[in-house]
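Hi,

Here is the model for you to look over. My notes follow below it.

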Amino acid sequence: MSRTTTAAGDTPEDRKPGGSTSAGVLNEDDVLLDRAQSKSVRSRSFRLLGSLIRPNRRQFAWTVLLVVVSQAARVAGPAIIAFGIDRALPALIAGNPLLLWVAGGTYLLAAVLASVLTAGYLRATAQLSQAMLLDLRVRVFRHTQRLSLEFHEKYTSGRIISRQTSDLEALRELLDSGVSSLASGAVFMLFTAATIFALDWRTGFLILAAAVPMFLLARWYQKHSQIAYRESRVVSAKLIVHFIETMTGIRAVKAFRRETVNARRYDELAEDYRTVTVRSINLNGVFQPGLVLIGNVTVAVVLVFGGFRVLGGTLEVGALLALLLYSKRFFQPVDQMAMFYNSFQSASAALEKVSGLLEEVPTVRPPKNPVPLPHPRGAIAFHDVQFRYGTGPVVLPTLDLSIQAGQTIALVGQTGAGKSTLAKLIARFYDVSEGRLTLDGVDLRELAPTDLRRAVVMVTQEAFLFSGSVADNIALGKPDAGRDEIMAAARAVGAEQFILELPEGFDTDVNKRGGRVSAGQRQLISFARAFLADPAVLILDEATSSLDIPSERLVQEGLQKLLGNRTALIIAHRLSTVAIADRVLVVHDGRVVEDGTPAQLIGGTGRFATLHAAWKDSLV
Amino acid sequence: MTNQNTLWQSLGRLYPHVRPIIPRLVLGLLCALGASVMALAIPQVLRVLINDALAEGGSARTVWVASGVVLLLGVLEATFVALRRQFVITPATTVETKMRTSFYRHLQNLTVEFHDRWGSGQLLSRAMSDLNLMRRWMAFGLIMLVVTSLTVVMGVTIMFFTSWALALIFVAAAVPLIIYGYRFRTSYSRVSRKSQDQAGDLATTVEESVHGIRVLKAFGRSREALEDFEEQAEELRRTEIHKARSLANFSMIVTLLPELALGASLVVGVTLAASGDVSIGALVAFFATAAAVAGPVEFIGPLLAMTFTAKTAIDRHYEVMEAENTITDAAAPVHLDAPRGDVVFGDVHFRYPDAQADADDVLDGIDLRLRAGETMALVGVTGCGKSTLLQLVPRLYDVTGGAITIDGVDLRSFSLEDLRSLVAVAFEDTTLFSTSVRDNVLMGSDATGAEADRLLEEALDVAQAHFAFELPEGLDTLIGEEGLSLSGGQRQRIALARAIAAQPTVLVLDDPLSALDVATEERVEVGLRSMLTSTTTLIVAHRPSTVALADCVALMQDGRIADVGTHSELLARNDHYRYVIASLDDEEIAQLGRAVQPALDDEGALA
């Protein structure tokens, strides 16, 4: 496995204007980072953790308090028993049972308190941890939705899922056990240390001296585990990406007998994952026993020093015993602390990745001061527009074009001529590189996303259906639509009949990725979606390519009704659509080379006339 | 369902996987025991050393010896801790990885029908977090549970020897604990199952939101998607809190009951001591032991919770592992040495397993015959079952009645490997894999070296996918989800090239040219036509232009083949065919019909 694969993505300058140094997901797959990078990803990971704790700081404080008090109640138990034996027993023998009842009562009280508080902090921990996880989940989801298509086309769904699942899992482990073990351990050590100092400050300093090797060990552990856990995140993301790709493409996997190759690849990745997991666990396997060892050695050292002082007569034997027992107890929570530190390292590595994703800036950004457009008419104008993907070659050279409100435009041209790019610009999937693109005179970049999406809707060739019913999928066009509206939309595009023939009509579950609905039917459903959305500008990018002729005929009828007063931009290889267009634009190499009514162009001798003739031929 | 498995049944299923590492687990267990014995022994040894040796007027040597003993024990403890991990961790991760890879293999083999029902997020959560949970339980939970129980049993035994009366009080507290523990098991298992399922569903939602990002963006529905997600995440949060509450209540009881018993023991013990029935020394020893046992007893709560979660994880794992693969290799597969490619559909019926009882079969008796080398177009209205029929040929689904044969051999008599080399497909949903263009195209081919290069170029040429040569790194450019994103038309052409390069005997194409413009389509067809002369081809067609590729057309209607003939024959004699395929005006069709009819009459006249 490569440790320094360059990640997909553009250079940071591309995404982050203003000279910010953040890298986003740029070096996501790198395991060995230089000092500055490492520091910067670490600190952004901590910032994220801080921002998650901040809104919950009361809950956080409350949890810690509960842990501390419940610890105290628990520690009280042995003291009460000692009291019972040392004081209440002689008193009882002397004929006074009162002290015994006091001791017994106090013990019960402490027991009830300890158990109730334990339950309390377990709940409080869960509340805290779940609140933070929910916050982060929603943040990541919202952010990935906000990120531009440009980003999604490179990042893969598997990675986003990996960020949302296994990375969050790592954080959850820290939150679930970390807070309580850290708080209780620290409190315990603090109390014990105080007692030791009170008994004998020399021993106290000896114990403190143990902190030096512990610190060094922790430093060593931190340095190595940071890399191991980072690697573990990278590898697990790869494993997940491969898994998701296989499962979503299972038909092709089977049809082309990819099973063996895939299984071999997955074995490799799973083995890589196992190796890094073992590596990180083994680091902890040195760290934790190391801490135990340091503690135990310290106890022996305390015994040596104390023993000689006893021999020299400067220390009581009883005091030495107490000191030794306390010293041993002092190191008891070290186990827990090691566990905390371990899950902390794991969570930090995970948050490095999550925070990188959150740091990505959408290339298509909503405006700060949006211009309202409550009643869009649908006039579109390109002013000296130029476009390129990222820093790639220019796809659309300077383009000036104006489309009047209500016009139906057919975009015609060869595959790869730039028709889809033009459509994507109008839908603002991408922003123009140069010039301005306006809707009703307002630059698209100045429109609020809600206004823009209400005004412009694009239907693409890949009609994605979400799991849920057919009705749910159509309602995506207008979430508050009633059943009547949904059915009317389906009727208008000629989809009603087949939907009603499905087992449960509009309530039929479309299954995963629309497995049971044919490609053509999916297009009809997504067409109904667009119909329901009722936009001022409708873009159909090969939206009818999988339809059979009768369906297309129905759609066309619906379309004619639909397009009456709307701007429409239709991209279709089948020129049947052109018949209903007011105007045809022939695009070639990113330029509009012909522009006119269908009749004008067919009558001419240009590309369109040729295309149209070819298409006519293809119909017979 | 598997939900009703008892704890032992569920955990028992792990046995075959665990068996090879049992010696290591036992060693790990012994080390864990050793470590906890050391931890308990060190204070006792200190006491003896100090009180007896040092107090009796020792020398410098006594101090060194005593320290040496303490140091030795301390080193032993640390060693045991380290050894436990060494013994257990690597084997446990090996078991985990084995289960993970066999899970993946099994998933790949399971039917498409299974994958239709299961979201990939849900499967992912089983492959990743469930197996993680299982491994942790095995390497830590299981061992600690045994060690803790042993510690408690030993402690209680010692307590019995110290004072049986007091010990009885302590043990009495265990009775309600066991009853409550039983209830806890039921409720906690249920809620832990729910939370794991919800987490899987949440992953599925994330997956869909990313794959459907274009639709969400096009309709500006990110907010609604977010709201749905938030609701689902909130539900998961509530389940988790419910789960934590259940554990908290149990922990409360586990802490409370023994402590209450100890409180009672204190009163009874002091009273007994006062009357001289118990010595003060015994009383002190009893409580010292009780204090040592209290920690492990409390630890049992989380350990049991971990065990129940692991049980759920194992159940979820085996639910998938036990899903039966209904499409399997024949017991004694037939191999065709020289396949010709005669394909016969004989009274083929198909219905989806979850179809309603009163629904008709999707395919309701298909009878169709493709001669070797013939190209047959399949025409019918959207949703009439064309795509379903095509998916039966590479056995993505199996017929539910009747049979499909190639050269007279039932599809089910081939090995899947063989069948899928005989048959290549290009579906409308073009799935490309995250690898180079070259590997994507040559995926179904066994050719190597120069032969592979020739095949690759030819396939790309026929599919009119010349753009591939101009990609940034040519044919080595990474495409698919992790690579360069291609347009719909480009993807379709690569997928077509892939089907061609496989050099199948039978080629199945589902509207493979839908995203191409007319000019490109025509060029593809010219190439295809010459390619297809030796290949039996079944091609779903929506347009006359695609039909033009075919020697013959089969018209599908209501799950049956309604008519077979040439394009012009069907155009002339079949109303439904005209309805489906003809986009020309009715008059034009009528004219065409008239134009064809006389020709037929002439032939008839000649005969």
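**Chain A: burial and overall form**

Of the 620 residues in chain A, 53% are buried (20 or more other C-beta atoms within 10 Å of the residue's own; exposed is 12 or fewer, partly exposed in between; C-beta atoms are placed from the backbone). A caution on the source: this is a predicted model, in which local features need pLDDT of at least 70, side-chain atom pairs count only at pLDDT 80 or more, and totals for chains, interfaces and linings use all residues. Residues are numbered from 1 along each chain as its sequence is written, while chains are lettered from A and ligands numbered from 1 in the order in which they are written.

Chain A has 22 helices and ten strands (DSSP runs, numbered from the N terminus: helices are H or I with at least four residues, strands are E with at least two). Chain A is more spread out than a compact globule, because its radius of gyration is 35 Å, well over the 25 Å that the globule rule gives for 620 residues (taken over C-alpha atoms; the rule is 2.2 Å times the number of residues to the power 0.38). Along the principal axes, its C-alpha atoms fill a box of roughly 120 × 55 × 55 Å.

Contacts in chain A with a separation of 6 or more are 78% between residues 24 or more positions apart (contact: C-beta atoms, placed from the backbone, within 7 Å).

**Domains**

Chain A is assigned domain 1 (12-359) and domain 2 (380-618); bounds come from an automatic or database domain assignment. Their centres, over C-alpha atoms, are 53 Å apart. Chain B is assigned domain 1 (2-321), domain 2 (343-565) and domain 3 (566-607). In chain B, 54 Å separate the C-alpha centres of domain 1 and domain 2.

**Interface**

How many residues of chain B are in contact with chain A? The count is 145, against 144 residues of chain A. Helix α10 (residues 222-274) of chain B gives the most to chain B's side, with 29 residues. That side has 73 nonpolar, 44 polar and 28 charged residues (nonpolar: Ala, Val, Leu, Ile, Met, Phe, Trp, Tyr, Cys and Pro; charged: Asp, Glu, Lys and Arg; polar: the others, Gly among them).

**A sheet in chain B**

Four strands of chain B form an open antiparallel sheet, ordered β2-β1-β4-β5 (strands pair if DSSP finds at least two bridges between them). Its edge strands are β2 (363-370) and β5 (409-410) of chain B. Strands β1 (residues 343-350) and β4 (residues 401-406) of chain B pair over five bridges. Gly346(B) has Ala403(B) in β4(B) as its bridge partner.

Best wishes

Note on methods
Contact = placed C-beta atoms within 7 Å.
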